[in-house]
Amino acid sequence: MTTVRILIWFAIAAAAMLGAVWLAERPGTLTAEWQGWRLDTNVGVVLVAIVGLVLLSVAAWLLYRWIVGAPGALLEGWGESRRQRGYRALTQGLAAVAAGDGAEAQKHARKAEQLLAEPALTLLLSAQAAQLTGDRDGAKRAFDAMLKDDQMAFLGLRGLIGQALRDGDQTKALGYAERAFTLRPQTPWVVHSLFDMQAQAGQWKAAQETLDQGIRRKVVAADKGRGLKALLLVERSREAERDGREADALALAREAFGLAPERIAATERLAELQLKAGDAKRALKTLERGWSVAPHPDLVEIYLKASGESEPLKRIGVVRRLVTRNADDIESHLALAKASLDAGLWGEARRQLETAGGTSPPVRVCRLMAEVEERANAEQAKVHDWLARAAEAPADRSWSCTACGAHHETWRSVCESCGAFGTLQWRAPGTYGQILPPEAQPAMAAALTPP
């Protein structure tokens, strides 16, 4: 580029020199008369005067523009400096928030608010600084102010949700979550938060609508959504039964079982309603299919009730018919052991318990063994030995929350400890709950199809 410029200036200089030589070789005079004045000069002087006049005019115009624009330029420069100082204060305030220094964050927040006429940038910093210093009213004011700005409304709602939850105001938190969901229904934390709040409030139908939208938008995995929807249908079935809508309750329970037969609550719910409706045969079939993928002691009690059998020896055969669907599971052996114990078959009870316990029998096996030895009039030393082993035995399966680990005596859809929905699983500590194998799903669907 430098070479090209030199060549251009050289060409201009050469053209000027040639022009001067051309004018020098062609002298001429120029006479002008005006108001009694007469001017005699040559053409070259006139041309030089014209060029000089043009350059003087240009200089005068530039000077005029500079004088007129100077105040604005000064103000613009001052404003730019003010913005730079404001952004620097904003950056320092955010760094203070990250460091957990509330007082420093508040100082920079106030400075940024004074220097920047952009509340959308400074409100978040002000809210976070107020939270760090424990100024709940100040934080709320900042979050409320964010709601007036379309760009910041979502962040404001998130802050208000957190503050309402910390205050224990579930109603306000739910209202804010609904507004946040309206703004951004594709945001995962909004979907999960709103769903849990609706479930905790017992708004089962609204929670199902939220879940359905989450599944459609791929915010909730399809497999997880299937299980959660089944439990919502279980709760809706209970609600329908309380309202006297028996047919709706049964239909909802059937839908829940069809979606997730591995959920013990769905199996139990459908079987109870079928038995209540006088359809013991269908209840037996439901329980058998449910046992094949998710055995549980409560299902044995319902199965015996549905069978109508009361004689202890015959009840062993009834239980055997149920457990053959999942013969290797520990619950199957425990169910047969208990039935044998009730019938006075000590040897069969011991055999089933030995199979169930293996080399490291859990607490239930040890206690049942102690009961067998006691009722069989064995030596008390054996009874005490099994009870002592029960004190140190591995924990039994129980209803435990996969979110917080809390244990519950009975199943419930919402964990009383952490408030999570659908997280209670029947499992031993350190293991996963029952999972429905893909090949079992067609069989479940067939079980629900009316003959």
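Here is a short chat about aromatic rings in this predicted model.

Residues are numbered from 1 along each chain as its sequence is written, and side-chain values use heavy atoms, without hydrogens and water. As the model is predicted, local features need pLDDT of at least 70 and side-chain atom pairs pLDDT 80 or more, while totals for chains, interfaces and linings use all residues.

Colleague: How many aromatic pairs are there?

Modeller: Rings of Phe, Tyr and Trp (its six-membered ring) pair if their centres lie within 6.5 Å; planes under 30 degrees apart are stacked, over 60 edge-to-face, the rest tilted. By that rule, the count is four.

Colleague: Why is the pair of F195 and F421 called edge-to-face?

Modeller: The ring centres of F195 and F421 are 5.4 Å apart. Their planes stand at 85°, so the pair is edge-to-face.

Colleague: Is F421 buried or exposed?

Modeller: Buried means under 20% relative accessible area, exposed over 50%, partly exposed in between (1.4 Å probe, protein chains only). F421 has 4% relative accessibility, so F421 counts as buried.

Colleague: And what type of pair do W204 and F421 make?

Modeller: W204 is itself buried, at a relative accessible area of 10%. The centres of W204 and F421 are 6.1 Å apart and the planes at 45°, so the pair is tilted.

Colleague: Which ring has the charged end of R158 over it?

Modeller: A charge sits over a ring if NZ of Lys or CZ of Arg is within 6 Å of the ring centre and within 35 degrees of the ring normal. For R158, the charged end is 4.3 Å from the centre of the ring of W189.
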